[in-house]
Amino acid sequence: MLEEALEHLVKGIVDHDGDVSVRTRSARQGDILEVRVHPEDLGRVIGRRGRTASALRTVVGALAGGQKVRVDIVDTDRPR
């Protein structure tokens, strides 16, 4: 549910909504939602001074209902 909600929010922000993908990974501290977008949309998702990314994290945290969730915005230009 969180994965779909985050994907829906991000698709509303970016220009290349077909390139948006959200993947869930489990970690010891909780789930990690990795967001990947087209390189041209990376700045839109992060926002000025990280405000958009912070807002996305706040909304996902509220939807998680106390469950520990981290949102990572992955730079697709960098090698893994």
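User: Taking a polar contact as a pair of N or O atoms within 3.5 Å, where within protein one must be able to donate a hydrogen and the other to accept it, and residues adjacent in sequence count only if both atoms are side-chain atoms, which side chain does Glu 34 pair with?

Analyst: The partner is Arg 25, whose side chain is joined to that of Glu 34 by a polar contact of 2.8 Å. This is a predicted model, in which local features need pLDDT of at least 70 and side-chain atom pairs count only at pLDDT 80 or more, while totals for chains, interfaces and linings use all residues. Residues are numbered from 1 along each chain as its sequence is written, and side-chain values use heavy atoms, with hydrogens and water left out.

User: Is Glu 34 buried or exposed?

Analyst: Glu 34 is buried, at a relative accessible area of 9%, where buried means under 20%, exposed over 50% and partly exposed in between (1.4 Å probe, protein chains only). Glu 34 sits in strand E2, residues 30-36, strands being DSSP runs of E with at least two residues and helices runs of H or I with at least four, numbered from the N terminus.

User: And what else does Glu 34 touch?

Analyst: Apart from neighbours within four places in sequence, Glu 34 is in contact (heavy atoms within 4.5 Å) with Ser 21, Val 22, Arg 23, Arg 25, Asp 72 and Val 74.

User: Stepping back, what pattern does the chain follow?

Analyst: Along the sequence the order is α-β-β-α-α-β, made up of 3 helices and 3 strands. The radius of gyration is 12 Å, close to the 12 Å that the globule rule gives for 80 residues, so the chain is as compact as a globular protein of that length; that radius is taken over C-alpha atoms, and the rule is 2.2 Å times the number of residues to the power 0.38.

User: How much of the chain is buried?

Analyst: Of the 80 residues, 29% count as buried. As for contacts with a separation of 6 or more, 58% of them involve residues 24 or more positions apart.

User: Where does His 16 lie?

Analyst: His 16 is in the loop between helix H1 (2-11) and strand E1 (21-27), and is partly exposed at 28% relative accessible area. Beyond neighbours within four places in sequence, His 16 is in contact with His 38, Glu 40 and Asp 41; Asp 41 is 25 residues away in sequence, yet 7.2 Å away in space, C-alpha to C-alpha.

User: Which residue other than glycine has a positive phi?

Analyst: Arg 49 is one, with phi near 60 degrees. Arg 49 lies in the loop between helix H2 (42-46) and helix H3 (51-64), and counts as exposed at 79% relative accessibility.
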